[in-house]
Structure formats: C-alpha cells, structure tokens
Amino acid sequence: MNIRLLAIGKTDNKSLQTLIDDYTKRLSFYVKFDLEVIPDIKNAKNLSEAQQKEKEGELILSKLSATDQLILLDENGTTFSSVGFSDYLQKKMNAGIKTLVFVIGGPYGFSEDIYKKAQGKVSLSEMTFSHQMVRLFVIEQIYRGFTILRNEPYHHQ
C-alpha cells in the first residue's frame, strides 16, 4: 500500500519542516509515503469561505486517481489511540487498498464535494492545531502505527 498526505499551503516554520522531513524519511522504511503540498489559493482574501473551500476542493480532487481511498483529517472524524490507529492502518492494508490518501484541508475545512468523495474521516484530537503542526502529527502517527505493527520499541504502553 502507498500512503499520500495532501496538505493545503506550505510550511513556513523551518524547525517544523525539519521534523516533518525526519519522520518522512523514517516512514519510508515501512511504506511508500509522499507528502504533497497544494499551494495556497491566490487572492483568498477576496473569496468567501465557501468559495475558498470550493477552489481548494477542486485542487484536492485533481490530485486523486479513481482507485485512491480518501480519508479526511477532520475534527468530526473518528478518534483513535495510537494502537487503534495502527489497527486501522492494518485493516486498510488487508483490504488491498493501493493508495490511501489523507488530506489536511484549508483553514475553513472541506467543500461538500470533498466530503462526498471521502471514504472516511479521522480526528487527531478535539483540540485545534495549526495546519503546519498537523502535518507533523499525522506523519509521526503513521510512523508510530507501523512501528507498533512491527512490535518495535518506539511506542510504549
């Protein structure tokens, strides 16, 4: 299985980017993983929330193939413990999914078209995090999930 993470907007914080790069490299030992950044919408200040979500949604949809399974990182999604999330990843692999695509939306969330296309929603927390930090958290949790599946000592119960 391949895993992709789509995110709107670049990471400005160099320290965060260094950590993202570190966990991306670690994760590559377990699974083919790609982080793809979709550029921020130009002139977003002149758009309504709905218009911005629609434009971001179109960009997200353009990055997907017909066989991708789309999972939204959404505050109303299912929450997991780290072990529960590793089980979730295992079930996706067992189902024969070729590419699992996690998406971090823009500041206002997702368009209706994205919600309709999605096959699931995952919430990292009831707390709100910056979009830049969420990238690190998602990649680290995917990495942690694979170390749990391999009974490696990274995760402690």
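Author: Residues are numbered from 1 along each chain as its sequence is written, and side-chain values use heavy atoms, with hydrogens and water left out. In this predicted model, local features need pLDDT of at least 70 and side-chain atom pairs count only at pLDDT 80 or more, while totals for chains, interfaces and linings use all residues.

Reader: Why is Ser82 called buried?
Author: Buried means under 20% relative accessible area, exposed over 50%, and partly exposed in between (1.4 Å probe, protein chains only). Ser82 has 17%, so Ser82 is buried.

Reader: What makes the link between the side chains of Ser82 and Gln141 a polar contact?
Author: A polar contact is a pair of N or O atoms within 3.5 Å; within protein, one must be able to donate a hydrogen and the other to accept it, and residues adjacent in sequence count only if both atoms are side-chain atoms. The Ser82 and Gln141 side chains are joined at 2.8 Å.

Reader: Why is Asp22 called partly exposed?
Author: Asp22 has 31% relative accessibility, so Asp22 counts as partly exposed. Arg26 has a relative accessible area of 27% and is therefore partly exposed.

Reader: How do you know that Asp22 forms a salt bridge with Arg26?
Author: A salt bridge is a side-chain nitrogen of Lys or Arg within 4 Å of a carboxyl oxygen of Asp or Glu. For Asp22 and Arg26, the closest N and O atoms are 3.3 Å apart. Side chains of opposite charge can pair when their charged atoms come close.

Reader: What makes Glu140 and Arg144 a salt bridge?
Author: The closest N and O atoms of Glu140 and Arg144 are 2.8 Å apart. Both residues are buried. The structure holds seven salt bridges.

Reader: Why is Val138 called buried?
Author: Val138 has a relative accessible area of 4%, so Val138 is buried.

Reader: Which residues line the largest cavity?
Author: Leu73, Phe85, Phe102, Val122, Leu124, Val138, Gln141 and Ile142 line the largest cavity. On a 1 Å grid over the protein atoms alone, a cavity is a set of points where a 1.4 Å probe fits but cannot get out; lining residues have an atom within 4 Å of a point.

Reader: How many residues of that lining are nonpolar, polar or charged?
Author: Seven are nonpolar, one is polar and none is charged. Ala, Val, Leu, Ile, Met, Phe, Trp, Tyr, Cys and Pro count as nonpolar, Asp, Glu, Lys and Arg as charged, and the others, Gly among them, as polar.

Methods:
1 Å grid on protein atoms, 1.4 Å probe; cavity = no way out; pocket = protein on both sides within 12 Å on 5 of 7 lines; lining within 4 Å.
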